[in-house]
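Work through the exercises below with the sequence and the model side by side. Try each task before reading its solution.

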Amino acid sequence: MNLYRDTGCLAVYAGTSPQTGRRVLELTLAELGRLKNEPVPEEELHRAREHMKGSLLLSLESTGSRMSNLARQWLTYGRFYSLDELAAAIDAVTAGEIQEVARRFFQPGKIGLAAVGRTEALEAAQGDLIC
């Protein structure tokens with residue numbers, strides 16, 4: 001999942017066969033609902049933090065990626081953040097903060113669906129996108 005602070009958008013990506021698309025949608029909405037209603041267990045939060053820090057380090061291995069990251073930081077925040085600062089910010093995220101963000105964003109009317117490919121079996125109205 002990617003949360004874009006500047007737009008308030010969350011993107012969930014999934015690849016599936018046409019036959020299981022509806023089930024993937026239902027399971028995704030159920031998980032989003034769990035984020036709203038239940039705090040993330042500490043063990044899962046720890047794994048997510050470590051994954052994010054690892055992904056951050058791997059994403060900065062190429063010169064182009066590093067420069068893009070620095071440019072994005074400068075344009076968005078007007079300064080550069082060190083890896084230690086970024087890691088500390090990731091470690092500071094709490095289960096309560098995640099639940100607060102989920103409650104703010106996962107509301108009826110704020111969830112959209114875009115599907116590409118053979119989507120005949122994946123008909124969904126706005127009323128279906130409630131978690």
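**Exercise 1. Is E26 buried, partly exposed or exposed?**

Solution. First, the ground rules. This is a predicted model, where local features need pLDDT of at least 70, side-chain atom pairs count only at pLDDT 80 or more, and totals for chains, interfaces and linings use all residues. Residues are numbered from 1 along each chain as its sequence is written, and side-chain values use heavy atoms, with hydrogens and water left out.

Next, the cut-offs: buried is under 20% relative accessible area, exposed is over 50%, and partly exposed lies in between (1.4 Å probe, protein chains only). E26 has 38% relative accessibility, so E26 counts as partly exposed.

**Exercise 2. Find the salt-bridge partner of E26, and work out how the two residues are placed in their helix.**

Solution. Step one: apply the rule. A salt bridge needs a side-chain nitrogen of Lys or Arg within 4 Å of a carboxyl oxygen of Asp or Glu. R22 passes the test with E26, with the closest N and O atoms 3.6 Å apart.

Helices here are DSSP runs of H or I with at least four residues, strands are runs of E with at least two, and both are numbered from the N terminus. R22 and E26 sit 4 residues apart in helix α1, which means about one helical turn separates them. An α-helix has 3.6 residues a turn, so residues three or four places apart point the same way.

Step three: check accessibility. R22 is partly exposed, at a relative accessible area of 28%.

**Exercise 3. Which salt bridges does R34 form?**

Solution. Start with E31. Its closest N and O atoms with R34 are 3.0 Å apart, and the two form a salt bridge. Both residues lie in helix α1, 3 residues apart, about one turn of the helix. Then take E38. The side chains of R34 and E38 also meet in a salt bridge, at 3.6 Å from N to O.

Now compare with the wider picture. Shared partners in salt bridges join R22, R23, E26 and D128 into one network. The structure holds 10 salt bridges.

Last, accessibility. R34 is partly exposed at 38%, E31 at 42% and E38 at 41%.

**Exercise 4. Describe the surroundings of Q99.**

Solution. Locate the residue: Q99 is in helix α5 (residues 95-105). At 10% relative accessibility, Q99 counts as buried.

List the neighbours. Contact means heavy atoms within 4.5 Å. Leaving out residues up to four places away in sequence, Q99 touches L35, K36, N37, E38 and P39.

Then look for polar atoms. A polar atom of the Q99 side chain lies 3.2 Å from the backbone oxygen of K36.

**Exercise 5. What is found around the ring of Y81?**

Solution. Begin with ring pairs. Rings of Phe, Tyr and Trp (its six-membered ring) pair if their centres lie within 6.5 Å; planes under 30 degrees apart are stacked, over 60 edge-to-face, and the rest tilted. The count by this rule is 2 aromatic pairs. One of them is Y77 with Y81, edge-to-face, at 5.5 Å centre to centre and 90° between the planes.

Now the charge. A charge sits over a ring if NZ of Lys or CZ of Arg is within 6 Å of the ring centre and within 35 degrees of the ring normal. R79 lies over the face of Y81, 3.9 Å from the ring centre.

Finish with accessibility: Y81 is partly exposed, at 29%.

Notes:
Polar contact = N/O pair within 3.5 Å; in protein donor to acceptor, adjacent residues only side chain to side chain.
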